[in-house]
Amino acid sequence: MARMIGAKAGVAAVLALLVSSSSAFTAPASALAMQTGGITSQPIGHYEFCQTNASECRAGVRGQAPAKVTAFGWTVVREINAGTNRAITPMTDKDLYGKDEVWSYPDGAGDCEDYVLLKRKKLIEKGFAAGDLLITVVRKPDGEGHAVLTLRTTEGDFVLDNLNNEVKLWTETPYRYLKRQASFHAGRWVSIENGDALMVSSVGQ
């Protein structure tokens, strides 16, 4: 029992280094956070992923405010984003599986959704809340669909992207934001209402 208590205390200590309780901080200004709408369609690839990974698509806490990420937490976020980008070779689902849409944890190679799944898993293992790590579907300037990981924080919504080693505020990316996982349920998706209203980056980025 003492060993179990000690292990729990260790996990709590690590978590405290990464994030602080959101209850002590105000939510970010709306201009820095995505405004989500109602429930929308779940990508077929994520639906199939949830069929075999049900524990990762569960309901969470509705209305929970994002946490404040500490300086050490930001270091972890940046390292996981850049490290995963370096470790995985980009490859299409067609080349890997002979199918157009397969979401899975990458084993050395994968497409954008696979990078996102792995980054999300690694950050949850580090103590970040699942409700603050949301798979997000966007459209690139050339019209192609793409997936990124959104990190909800008290400073706004930030994006982890396999096309960029730098973690950026979502409004500083060149994308149009379409939909993302609901913060209150990892198996449901919601629309993004201000997805193309706040883009400030040039299309050439």
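How many nonpolar, polar and charged residues are in the lining of the second largest pocket? By class, the lining has six nonpolar, five polar and nine charged residues, where Ala, Val, Leu, Ile, Met, Phe, Trp, Tyr, Cys and Pro count as nonpolar, Asp, Glu, Lys and Arg as charged, and the others, Gly among them, as polar.

The model is predicted: local features need pLDDT of at least 70, side-chain atom pairs count only at pLDDT 80 or more, and totals for chains, interfaces and linings use all residues. Residues are numbered from 1 along each chain as its sequence is written, and side-chain values use heavy atoms, with hydrogens and water left out.

**The second largest pocket**

Select T92, D111, C112, E144 and H146. The pocket holds about 350 Å³ of space, and of its 20 lining residues these five are the closest to its centre. A pocket is an open set of points on a 1 Å grid over the protein atoms alone, where a 1.4 Å probe fits, with protein on both sides within 12 Å along at least five of seven lines; lining residues have an atom within 4 Å of a point. The volume is the space filled by probe spheres set on the points.

Next, display α4 (93-97), α5 (112-125) and β7 (145-153), each of which supplies at least two lining residues. The largest share, three residues, comes from α5. Helices (H or I, at least four residues) and strands (E, at least two) are DSSP runs, numbered from the N terminus.

**Helix α3**

Select residues 71-87. The end C-alpha atoms of α3 are 24 Å apart, which agrees with the 24 Å that its 17 residues should span at 1.5 Å a residue; the expected span is 1.5 Å times one less than the number of residues. Buried residues of α3 include W74, V77 and I80. Buried means under 20% relative accessible area, exposed over 50%, and partly exposed in between (1.4 Å probe, protein chains only).

**Aromatic rings**

The structure holds five aromatic pairs. Rings of Phe, Tyr and Trp (its six-membered ring) pair if their centres lie within 6.5 Å; planes under 30 degrees apart count as stacked, over 60 as edge-to-face and the rest as tilted.

Select F49 and Y105: their ring centres are 5.7 Å apart and their planes at 80 degrees, so the pair is edge-to-face. F49 lies in helix α2 (residues 44-52) and Y105 in the loop between α4 and β5 (109-110), so the pair ties together parts 56 residues apart in sequence. F49 is buried, at 4% relative accessible area, whereas Y105 is partly exposed, at 25%.

Move to W170 and Y177, an edge-to-face pair at 5.2 Å centre to centre and 90 degrees between the planes. With Y175, these residues form one aromatic cluster.
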